[in-house]
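User: I would like to go through a two-chain model with you. Could you keep the answers plain?

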Amino acid sequence: MSQTSTLIPGATGVWGGGKEPMKASYGKLMMWFFLLSDTFSFSGLLIAYGMLRFRYPAYPHNPTEAFLPSVDYWPIPELVFDAVPFLHGVHLPLVFVGIMTFILILSSVTMVLAVEAGHRMDREGVQKWMLWTIVGGVTFLGCQAWEWSHFIHGTDIGMTVERLVDGEWIKSIVTGANLAENQYGPQAFADLFFFITGFHGTHVLSGVILNFIIFYNVVVGTYDKRGHYEMVEKVGLYWHFVDLVWVFVFTFFYLI
Amino acid sequence: MEASTPKVEVKPVDPEKIKKIWRVAGILAIITAVEFLLAFTMDGGMLRNAIFIGMTLVKAFYIVSEFMHLKHEHKVLIWSLGLPCIFVIWLIIALLNEGSAIFSYFN
C-alpha cells in the first residue's frame with residue numbers, strides 16, 4: 001500500500017468530489033446518519049424486551065378479569081396500564097397512552113407544516129407551527145411524567161411476594177415499581193419500562209429544547225438573514241424520528 | 001432589529017401540498033384508532049399481533065417517506081439508510097430465538 005489515495009486531476013465521476021452524490025446538504029446527511037445510529041439504540045432496547053418476554057411464560061389468566069400479577073410470568077400491558085388521571089380506580093386499559101400517541105402524532109403534523117412554511121420563507125407560519133409543535137411536545141412530557149409517577153407508586157392492592165430472609169420464607173406486599181422492586185411482574189418488566197420510555201422521553205425532552213432554540217432563531221430572523229430555513233428541516237427530521245420511535249414503543253410495549 | 005432584517009418574499013401557499021400533509025395525518029390517526037379498537041374487540045394471539053405489527057410498519061412507512069421526506073430523496077441516500085436496517089432484522093431473529101431457548105431451559 002504505497003499509495004492509499006490518488007487524486008486524479010480532472011475527475012468527473014459522481015463521487016469524484018465537488019458534487020453532492022446524495023443531493024442533500026452535509027447537515028441533513030449527518031442528521032440522517034445520526035438517526036440511523038439512534039435506530040440501532042432503540043432497536044436494541046425493544047428487541048431486548050422481546051427476548052425477555054419470550055423467556056417468560058405468557059399471562060395464564062383471563063385478560064378480561066382482574067389482574068393477577070406474579071414474578072413467574074410476564075404481565076399483559078392492557079392490565080398494567082389502565083389508569084387515567086382524575087379517574088382513580090376506573091379500569092380504562094390503554095386509554096391514556098392512546099391519548100399520548102395522538103398528541104405526539106399531531107405535534108409531528110404541525111412540524112411538517114412548519115417545514116412547509118419554511119420552504120416558502122413564511123416566517124409567521126414557521127413561528128406558529130413550531131410553537132404548536134413545542135406545545136405538543138411539552139404536553140406529551142407532562143403525560144409521561146404522570147404515567148411514570150403512577151407506575152412508581154403502584155395500585156391500591158399491590159402484589160404479595162415471598163422472599164427468603166435468613167432461611168425463612170417471609171411474605172410481604174410490594175406496591176409500585178422501581179429498579180429493585182416491581183409489583184406488576186418480573187423485575188425486568190419494570191426495568192425495561194423505565195429504560196425504554198425513559199430513553200424515548202429523554203429524546204422528546206432534547207427535541208423540545210432543540211425546537212425551542214430553532215423557534216427562537218426564527219423569531220429573531222436568523223433564517224431570513226441566512227436566506228433559507230434548512231435548520232427547521234433538520235430539527236424536523238429529529239422530531240419525526242421521536243414520533244416514529246413512539247409508534248414502535250406503542251405497539252411493542254403497550255399493544256402486544 | 002427590524003432594520004437589519006432583509007426583506008424576504010413569502011411564496012404563496014400551495015393548497016395541494018397542505019391537503020397532502022393532512023391526508024397523511026388522517027391515515028396515521030385512522031390506523032392508530034383501528035389498532036386501539038382491535039385491542040378491545042379482538043382476542044389476543046398470533047393473528048392480532050401480526051395485524052398490529054403490519055399496521056405499525058405501514059405507519060412507519062408513511063412517517064419516514066412523507067413526513068421525513070425520504071421517498072423524495074436521492075436513491076443512494078434511501079439505500080444507504082435502508083440497507084443497514086438488515087442488522088435489526090438479524091438481531092430480532094437472533095434474540096427472540098435466544099429468549100425461547102432460555103424459556104425451554106427453565107420450563
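User: How many residues of chain B are in contact with chain A?
Analyst: In this predicted model, 58 residues of chain B are in contact with 55 residues of chain A; contact means heavy atoms within 4.5 Å. Residues are numbered from 1 along each chain as its sequence is written, and chains are lettered from A and ligands numbered from 1 in the order in which they are written.

User: Which three residues of chain B supply more of it than any other three?
Analyst: They are B:Phe36, B:Phe67 and B:Met68, with 12% of the area that chain B buries against chain A.

User: And how many salt bridges cross the interface?
Analyst: The rule, a side-chain nitrogen of Lys or Arg within 4 Å of a carboxyl oxygen of Asp or Glu, finds 2 across the interface of chain B and chain A. B:Glu73 pairs with A:Lys28, with the closest N and O atoms 3.8 Å apart. B:Arg48 pairs with A:Glu78, with the closest N and O atoms 3.7 Å apart. That pair runs from helix α2 of chain B to helix α2 (residues 77-80) of chain A; helices are DSSP runs (H or I, at least four residues), numbered from the N terminus.

User: How many salt bridges are there over all chains?
Analyst: The whole structure has 11.

User: Changing topic, how is chain B divided into domains?
Analyst: Domain 1 covers 1-71 and domain 2 covers 73-107, with bounds from an automatic or database domain assignment. The C-alpha centres of these two domains of chain B lie 25 Å apart.

User: What does UniProt list for chain A as "transmembrane region"?
Analyst: The unreviewed entry lists residues 29-52, 94-117, 129-149, 192-216 and 237-255 of chain A; such annotations may be inferred rather than shown by experiment.

User: How much helix is in residues 192-216 of chain A?
Analyst: Residues 192-216 are 100% helix, with the end C-alpha atoms 36 Å apart. Residues 237-255 of chain A are also 100% helix, and their end C-alpha atoms are 26 Å apart.

How values were computed:
This is a predicted model: local features need pLDDT of at least 70, side-chain atom pairs count only at pLDDT 80 or more; totals for chains, interfaces and linings use all residues. Side-chain values use heavy atoms; hydrogens and water are left out. Helices (H or I, at least four residues) and strands (E, at least two) are DSSP runs, numbered from the N terminus. Buried area is the accessible area (1.4 Å probe) that two parts lose on being put together, summed over both.
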